[in-house]
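Subject: Handover of a structure and the findings from it

Dear colleague,

Please find below the structure that I am handing over to you. The findings follow directly after it, and I would be grateful if you read them with the structure open.

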Amino acid sequence: MIADSFKEFKPLIVLLVLTILLTACVQSSSNDGETTTEDGKTIINIGRSIGTNHKLPEGDTFEDNAYTRAAEKELDIDIRNAFEANGEDYDRQVALAISSGDLPDMMVVSREELKDLVDNDLIEDLSEVYEEHASDYIKETYATYDNRPLADATFEDSLMALSGTEALSAPQMIWIREDWLEELDLTIDEEGDRLITLDELEKVAEAFIENDPGDSGNPVGIPFASFLNAGDYGGSAFTMNSIASVFEGQPRKYLIEEDGSITYGSTSEGTKQALEVMNEWFNKGIIDPQFGTRSFDDIMALLTNGQTGILTGPWHIPDWGLSTVREMDNDARFAAYALADDEGNVNVFEQATTGRFIVVRKGYEHPEKAVQMLNLFYDVMLNTKEADMENTFPEIAEYLERGVDDSTKPFNIVILPNQKYLDDYQDVQAVLDEEMTVGEITDSQVRQNINGIIEYMETPEDALTNSWSNYHSRIVGWGLMNKLTEDDQFNWAEAAYVGNTPTMEQKQGNLTKMEEEDFIKIVTGAEPLDYFDVFVEKWQNQGGDEILDEVKEELAQ
Amino acid sequence: MIQGNNLSTKIGKFIIYFIVISLGLVCLLPLWNIVAISFSSGEAVAANLVGLKPVNFSTKAYEMIMEDAQFWRSFSISVQRVVIALALNLILIVLMAYPLSKTKREFKSRNIYMNIIIFAMLFSGGLIPTFIVIRNLNLLDTIWVLVLPGAVPIFSVILIMNFFVGVPKSLEEAAIIDGASPLQILFKVYIPVSLPALATVALFSIVGNWNDFMTGLIYMTQVSNYPIMTYIQSLTIDIAELVRSGTNSDALQNIAEVQNRNLNAAKIVISTIPLLLIYPFLQRYFVTGIVVGSVKE
């Protein structure tokens, strides 16, 4: 009997033994420990965060393109991709790499991942190599942010990562169809200071709804996205941030008050006042009556159809959001304004200065290569003039011509000096005023833009939509920022940037959802304005107070 | 059969046809809308003008796909995957289902194997352990990682096993009397009478392998190795989500360029064509090859 049951199990046991033997055979990891190629180049395995639309020429890949070849030539290295993916997929690959304990030699990570890596002692201390190898330009670039990007990557006096930067804080702009303003003979902003008031905006919206200059037959008011607010400048398309800022409310932002206390902008009195205005506008029909149910695509459709000609958004929205408007209506033009408060100031929050981080695996022999790559891509290449580019980096000059994007560089991050866009704007203006030639502009991207801008200014009707976008974002958008900076109209609110605290990770999602839903209710009148106080209380009780405490604690460190 | 021809039957028929046709349309119209979108111009799509008829007819989206080398590379990876997976799945399903369809008297350790596969169907090692196993087997970035982890679809094995159990015993006995070996019995008796069931699991395998994007996303570390659905998934990013998460302007611009909805629609259309082509070929097996009539009691 026992023998019988053993017989039953025999195949299983054989299988088990076989499996163990097999796994033992292939224990070697994919990272086979090679560090130099046969011709003596240092191998670097990089986790690559890539973009969707890379426009690489035939035959080039993310692993082998003009940028990687330039790095190989200049720095004597051989770049290999440990993995490549974009967006969320990249985050997943990073998570898999961290949890399976098989880190690439270098990769780009978020602030939270950086903390994890530091806590688990998985990455190299870069303090020394940074001091020794970083070029003066790179150091100066960080200095334009008061070295905050470096401080954000410093843990117990050790620099654990190289930071990307987020250039420039700016006001959310009000984009208005300029051709419609002219058609209806409306003048706003008589002083020409590019500032408008809420009343002026209301008047324009009313006139657009009444006269339907887009001939759509069904004009709607100003469209807003259902999420209503953004805590980040780049995300402020179709949000009400600028309206709140008129009342010095900065929704979705953790702010440092003058007395040093921490507050959350969405619960401020200013936000309440802004919601009051929004509710009033909703009742008058100034705001899209279907607000709250429109998807992002639906809002784009309203603009493209000519049903509305007013929107709120960042300076770069013509680049990616408004081009279909021009394709539909060749005469479409937008003007950008900023909303001013009673004293004529524009209230703006300070954008976080630090982007993502480059980290180097603990125990990697050549951490200095990371810094050298930084020098090459964010100093040398950026500061090579057009004439020299052809000689030094002919392939890259060709890439710029094609519009190959930055994600083909080994590290998909941005390192630009603070106020870079204002400098760029002045360069563009200087070229337009014929004080400078295109070739003298150092930034290759700006050289690309300016050709489009000139094309649009010469022949607005025939210009490519791309040129139309360049003109609107660079001349109209940057122009507004430059004007306000020159006139010194900004009133800055200091934001507390701490990334995610533990309570935020747990509760932020629900809190934000509650905030969105309650704000929609207030704007559409489903709840009275006083409901805002109920919201504030709920927010505080459901984790908001804990978050404020944590933010305070983290800032104290 | 008596066919009533009075008014109430007619009304009844009308109602039935009405329901069936409207349900059919509910399934068909969204697909047709995607086709219409794929043949319209970008700005018309962005303006929500496209319904069931293309607006400003344009084949630009398809031309752009034709030029996209990665799309076709991914397409061929997916075709290879489906072919290999289909062959592997069918062989393994049949070879596994046949012995398991025998009683415990004929095949002593049957229940042990049965319990193991059911256990494996219900519980898995989880994402990260599986990933580590795959990595240590050096399967990352190979076609095999798309095929081997799913080589034995347990659900299909059980389906076929039950089908084999239902095959009349006398068929097998007749074959034994004629001197057929077990392998001959399987291939000459069981498989020919089981074609409808095999066509069903083949369809499961094809559709499942063609549509699966998750495996490619996790185990392929280079975009050039992505199967088609993973590639399409990586392109169709919700721009609203990206805007909200505050991606920088260059990235947004790049995405907006590939993100136009008619290009996505065209990709969806092209990627559905293979399945649409395969279905009619398999369909005839659903009608023929029925066990009824093979035995006379």
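A nonpolar core is a set of buried Ala, Val, Leu, Ile, Met, Phe, Trp, Tyr and Cys residues joined through C-beta atoms within 7 Å. Buried here describes a residue with 20 or more other C-beta atoms within 10 Å of its own; with 12 or fewer a residue is exposed, and in between it is partly exposed, the C-beta atoms being placed from the backbone.

The model is predicted: local features need pLDDT of at least 70 and side-chain atom pairs count only at pLDDT 80 or more, while totals for chains, interfaces and linings use all residues. Residues are numbered from 1 along each chain as its sequence is written, and chains are lettered from A and ligands numbered from 1 in the order in which they are written.

Cores and domains of chain A

The largest nonpolar core contains 100 residues, and A:Ala274, A:Met278 and A:Ala338 have the most contacts inside it. Helix H20 of chain A, residues 465–486, gives the most to this core, namely seven residues. Helices (H or I, at least four residues) and strands (E, at least two) are DSSP runs numbered from the N terminus. A second, separate core has 69 residues, including A:Ala370, A:Leu374, B:Val82 and B:Met220.

Contact means that the C-beta atoms of two residues, placed from the backbone, lie within 7 Å. Leaving aside neighbours within four places in sequence, A:Ala274 is in contact with A:Met240, A:Ile243, A:Ala244, A:Val246, A:Phe247 and A:Gly249.

Chain A is divided into domain 1 (42–166 + 355–408) and domain 2 (173–349 + 466–556); such bounds come from an automatic or database domain assignment. The C-alpha centres of these two domains of chain A are 34 Å apart.

Two loop residues of chain A

A:Ala225 is in the loop between helix H9 (198–211) and helix H10 (241–246) of chain A. Is A:Ala225 buried or exposed? A:Ala225 counts as buried, because 25 C-beta neighbours lie inside 10 Å. Not counting residues up to four places away in sequence, A:Ala225 touches A:Phe238, A:Thr239, A:Phe296 and A:Ile299. From A:Ala225 to A:Ile262, 37 residues apart in sequence, the C-alpha to C-alpha distance is 28 Å.

A:Asp146 occupies the loop between helix H6 (136–143) and helix H7 (148–152) of chain A. This residue is exposed, with 11 other C-beta atoms within 10 Å. Most residues other than glycine have a negative phi. A:Asp146, although not a glycine, has a positive phi of about 55°.

Chain B

Chain B has 16 helices and zero strands, and 27% of its 297 residues count as buried. Among the contacts in chain B with a separation of 6 or more, 69% join residues 24 or more positions apart.

Helix H1 of chain B (residues 7–38) has 32 residues and spans 45 Å from first C-alpha to last, close to the 46 Å expected at 1.5 Å a residue; the expected span is 1.5 Å times one less than the number of residues. H1(B) bends by about 30° at B:Leu28, and the proline B:Pro30 follows within four residues. The bend is the angle between axes fitted to the seven residues ending at a residue and the seven starting there. Three of the 32 residues of H1(B) are buried, so this helix lies largely in the open. Those buried residues are B:Ala36, B:Ile37 and B:Ser38.

The domain assignment of chain B gives domain 1 (7–58) and domain 2 (62–287). Their C-alpha centres lie 30 Å apart. Eight residues from domain 1 of chain B and seven residues from domain 2 of chain B make the contact. On the domain 1 side, H1 and helix H2 (42–46) of chain B each supply at least two residues, and H1(B) gives the largest share, four residues. That side comprises five nonpolar, three polar and no charged residues. Here Ala, Val, Leu, Ile, Met, Phe, Trp, Tyr, Cys and Pro count as nonpolar, Asp, Glu, Lys and Arg as charged, and the others, Gly among them, as polar.

B:Asn48 lies in the loop between H2 and H3 of chain B. Its phi is near 55°, a positive value in a residue other than glycine. B:Asn48 is partly exposed, with 15 other C-beta atoms within 10 Å.

Yours sincerely
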